[in-house]
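I opened this notebook page to record what I looked up in the structure, going from the whole chain down to single side chains.

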Amino acid sequence: MDLELAAGELKNVVNRLRRAQGQIAGVIRMIEEGRDCEEVVTQLAAASRALDKAGFAIIATGLQHCLADEDLAEGGDRDRMRARLEKLFLSLA
């Protein structure tokens, strides 16, 4: 799937990634300021969850496009595409 084609569908993902980017910048500042370890880890966990959700949304959009593709429904590429999507899901696990 070409992400450029799905850009409209992925607008929420981009927004989520921008928020995560801000959270990560905040974590860096917290570390530089010597903030409490528990606060830093809490913010880092929130950023990590945001990145995971963005990744799953991208994969889900890709899966939706793959299932809608008539060629994959009829051709032998279905197993290869399934393996690629499975690998993507596992990379986020």
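**Entry 1, the whole protein.** I noted before anything else that this is a predicted model. I counted 4 helices and 0 strands, and reading along the sequence I wrote the pattern down as α-α-α-α. Of the 93 residues in the protein, 22% are buried. I then looked up the contacts between residues at least 6 apart in sequence, and found that 69% of them join residues at least 24 apart. The accessible surface comes to about 7000 Å², and carbon and sulfur atoms account for 54% of that surface.

I checked the length of H1, which runs over residues 11–32: at 1.5 Å a residue its 22 residues should span 32 Å, and the C-alpha atoms at its ends are 32 Å apart, so the two values agree. Which residues of H1 are buried? I listed Val13, Ala20, Gly26, Val27 and Met30. Looking down the axis of H1, I saw that these buried residues fall within an arc of 135°, and therefore they line one face of the helix. On the face turned away from that buried side I found the exposed residues Lys11, Arg18, Gln21 and Glu32. After H1 comes glycine 34, for which I noted a positive phi, near 75°.

**Entry 3, a nonpolar patch.** On the surface I found a nonpolar patch formed by Leu17, Ile24, Ile28 and Leu51, which together have about 290 Å² of accessible area. H1 supplies the largest share of this patch, with 3 residues.

Side chains of opposite charge can pair when their charged atoms come close. How many salt bridges does the structure hold? I recorded 2. In one of them arginine 35 pairs with glutamate 33, with the closest N and O atoms 3.7 Å apart, which falls within the 4 Å cut-off for a salt bridge. As for exposure, glutamate 33 is exposed at a relative accessible area of 52%, whereas arginine 35 is partly exposed at 41% and glutamate 39 is partly exposed at 34%.

Technical notes. Residues numbered from 1 in each chain as written. Predicted model: local features only at pLDDT ≥ 70, side-chain atom pairs only at ≥ 80, totals over all residues. Heavy atoms only, no water. Helix = DSSP H or I, 4+ residues; strand = E, 2+ residues; numbered from the N terminus. Expected span 1.5 Å × (residues − 1). Buried < 20%, exposed > 50% of the residue type's maximum accessible area, 1.4 Å probe, protein only. Arc of directions from axis to C-beta. Patch = residues over 30% accessible without salt bridge, like charges linked within 9 Å, V, L, I, M, F, W, Y side chains within 5 Å. Areas by Shrake-Rupley, 256 points an atom, 1.4 Å probe, with all protein chains shown as cover. Salt bridge = Lys/Arg side-chain N within 4 Å of Asp/Glu carboxyl O. Contact = heavy atoms within 4.5 Å.
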